[in-house]
Amino acid sequence: MAPESVLFRGDDSPVLVEASLACRVCLSGDVEYVLKPELWAAEADCVCLACGERRTVSLTEEQALRLALHRR
Ligand SMILES: [Zn+2]
């Protein structure tokens, strides 16, 4: 399955970033992610802490940087 892309910008507020990564199954915003920097793009493995749903999202360089700086 191709990674889905998420919509947020590098300067969006944490609330918007969190909302864009929220679980698609139970809509929980309690999602842990692990960044996987690739050569041309980046991906993040997301795990929902509420229901255990796992998914991979593709990130732009700007989004990856944002997530790297957005540690909870
Ligand atoms: Zn969930």
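Colour the chain by pLDDT, the predictor's confidence in each residue, from 0 to 100: confidence is highest in S4, at 94, and lowest in H2, at a mean of 88. The chain averages a pLDDT of 89, and 93% of the residues score at least 70. This is a predicted model, in which local features need pLDDT of at least 70, side-chain atom pairs count only at pLDDT 80 or more, and totals for chains, interfaces and linings use all residues. Residues are numbered from 1 along each chain as its sequence is written.

**Whole chain.** Switch to a cartoon view. The chain has 2 helices and 4 strands, where helices (H or I, at least four residues) and strands (E, at least two) are DSSP runs, numbered from the N terminus. Their order along the sequence is β-α-β-β-β-α. The C-alpha trace spans about 30 × 30 × 20 Å along its principal axes.

**Strand S3.** Select residues 42-48, which form strand S3. Look to S2 (residues 31-37): 7 bridges join S2 to S3, and the two run antiparallel. Strands count as paired if DSSP finds at least two bridges between them. Val34 stands opposite Asp45 in S3. Now look to S4 (residues 54-59), which is joined to S3 by 6 bridges and is also antiparallel to S3. Here the bridge partner of Glu43 is Ser58. S3 and S4 form a hairpin with 5 residues between them, and Gly52 in the turn has a positive phi of about 85°.

Which residues of S3 lie on its covered face? They are Ala42, Ala44, Cys46 and Cys48, while Glu43, Asp45 and Val47 make up the uncovered face. In a regular strand the side chains alternate between the two faces of the sheet.

**The core.** Select Leu21, Ala42, Ala44, Cys46, Leu59, Ala64 and Leu67, the 7 residues of the largest nonpolar core. Such a core is a set of buried Ala, Val, Leu, Ile, Met, Phe, Trp, Tyr and Cys residues joined through C-beta atoms within 7 Å. A residue is buried if 20 or more other C-beta atoms lie within 10 Å of its own, exposed if 12 or fewer, and partly exposed in between, with C-beta atoms placed from the backbone. S3 and helix H2 (61-69) each supply at least two residues of this core; S3 gives the largest share, 3 residues.

Keep Leu67 selected and show its surroundings. Not counting residues up to four places away in sequence, Leu67 touches Tyr33, Leu35, Ala44 and Leu59; contact means that the C-beta atoms, placed from the backbone, lie within 7 Å.

**Last stop, Leu27.** Go to the loop between helix H1 (14-21) and S2, where Leu27 is placed. Is Leu27 buried or exposed? Leu27 is exposed, with 11 other C-beta atoms within 10 Å. Finally, draw a distance from Leu27 to Cys51: the two are 24 residues apart in sequence and 9.6 Å apart in space, C-alpha to C-alpha.

Notes. Two residues are in contact if their C-beta atoms, placed from the backbone, lie within 7 Å.
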